[in-house]
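I opened a new structure today and wanted to get my bearings.

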Amino acid sequence: MTAATPAPAARPSATAARAAGLASGKPNLFGHDRNGLRALLAQLGEKPYRADQVMKWMYHRHVTDFAQMSDLGKALRDKLAQAVEIVPPNTIFEKQASDGTHKWLLGMDGGNAIEAVFIPETSRGTLCVSSQVGCALACQFCSTGAQGFNRNLSAAEIVGQVWIAARHLGNVPHHQRKLTNVVMMGMGEPLLNFDNVVTAMSVMRDDLGFGLANKRVTLSTAGLVPMIDKLGEVADVSLAVSLHAPNDELRSELMPINRKYPIKALLEACLRYTQRRARTTITFEYTMLKGVNDQPAHARQLVKLMRKVPSKVNLIPFNTFHGTQFERSDEAVIRAFQKILLDAGVLTTVRRTRGDDIDAACGQLKGQVVDRTRRQEEFRRKLEGGVADAA
Ligand code: SAH
């Protein structure tokens, strides 16, 4: 059953102003990692440790009002309130699924909205965050991809999603830790919003921020080869790669990005990522599409690919959405596919579908995208043209 939660209580006036399209123009502190915040405070003539104090208020106590930051002197509190602001995204609505999965629809400027989803499990709690409004990559089986692309999220908008969930959960790093993992698997392609995503992931992993371990922050990519190398240079986070097909012919049909970065180049970049960071494995995501990529021959091809990189495979039962021609593979077919991989020594899990009664499962996030790429029209035309065009 789906329980709608009432809209949260009144927000600080800056949020209301922003929701009404009246951005203040002041720097939003959610958009700065520790070094950035120190630099910003230095510009205001303040010592670096002031940044640390402010971060603790923001991320450990969920305070956004400078007036409440009682270990800062009154003069500094006033100075900060004048010069900068701390503004989370505006929650349009939130919903909780029968399995505890919680989804937020967050308003962005220009009539856009994005989604973030929290998935509680026995031993961990995972937040799935978005990196862009819409997505330009047009993967055929993805609801976000069908909607086109509007813009990148700012670092503040990415961090703000985590902050909203952490505040809702009463999360305090090292004490009350309901939020243990973040996956960049919501709307958008995180490697196409590189700098903002890297800044946001730095706040996620900072002890003065959300305090998550490196390996508990996962970036999922459709496979932008040069950006995987760039990520390896600057951040030590877990990497998940959306593979979804074991050969170039099929992968190019399902994921147009494969025409630019085919499987061989992608796997080589994955191998370099593991070598540079001495990470143990890359997770390869593989959405199970009935009759498309789920046959035993596909599994055997996949085994060969997985021998090239330290890897594990996560099979995702396809989550349907309005207008798609794809169907979820049968349970028995998924198990048979998994068995071929396991028998060949490839660590393979099947993702349990969570939150599908509130459309919060992988690939179902759609928010509200004011499409600048006109992909929605293209998608509708394809639908009218029949299955052969799209699949
Ligand atoms: N752009 C990134 C992250 C977003 S999608 C990426 O491609 O990895 C997160 C995962 O959900 C990806 O593996 C994506 O391919 C998968 N996915 C997309 N649509 C899906 C659907 N309808 N059902 C199941 N998984 C889907």
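Before listing neighbours, I noted that a contact means heavy atoms within 4.5 Å. I also kept in mind that this is a predicted model.

**Entry: Ser-329**

I started by finding where Ser-329 sits: it is in the loop that links β12 (311–317) to α12 (331–343). Is Ser-329 buried or exposed? I looked up its relative accessibility, which is 2%, so Ser-329 counts as buried, the cut-off being under 20%.

Next I listed what Ser-329 touches. Leaving out residues up to four places away in sequence, I got Met-288, Leu-289, Lys-290, Asp-294 and Ile-334. The side chain of Ser-329 comes to 3.4 Å from the backbone nitrogen of Leu-289. For Lys-290, I found its backbone nitrogen 3.4 Å from a polar atom of the Ser-329 side chain.

**Entry: the ligand**

Which residues come nearest to the ligand? I counted 20 residues around it, and Phe-141, Ser-220, Ser-242, His-244 and Asn-319 come nearest. I sorted the shell by type and got 9 nonpolar, 9 polar and 2 charged residues. I then checked the strands: β9 (217–221), β11 (282–288) and β12 each give the shell at least two residues.

The side chain of Ser-220 has an N or O atom 2.6 Å from a ligand oxygen. A backbone N or O atom of Gly-188 is 3.0 Å from a ligand nitrogen, and for Asn-319 I noted a backbone N or O atom 2.9 Å from a ligand nitrogen. Last, I looked up the ligand's area: alone it exposes 530 Å², and the protein buries 96% of that.

Definitions and conventions: Residues numbered from 1 in each chain as written. Predicted model: local features only at pLDDT ≥ 70, side-chain atom pairs only at ≥ 80, totals over all residues. Heavy atoms only, no water. Helix = DSSP H or I, 4+ residues; strand = E, 2+ residues; numbered from the N terminus. Buried < 20%, exposed > 50% of the residue type's maximum accessible area, 1.4 Å probe, protein only. Polar contact = N/O pair within 3.5 Å; in protein donor to acceptor, adjacent residues only side chain to side chain. Near = heavy atom within 4 Å. Areas by Shrake-Rupley, 256 points an atom, 1.4 Å probe, with all protein chains shown as cover. Nonpolar A, V, L, I, M, F, W, Y, C, P; charged D, E, K, R; others polar.
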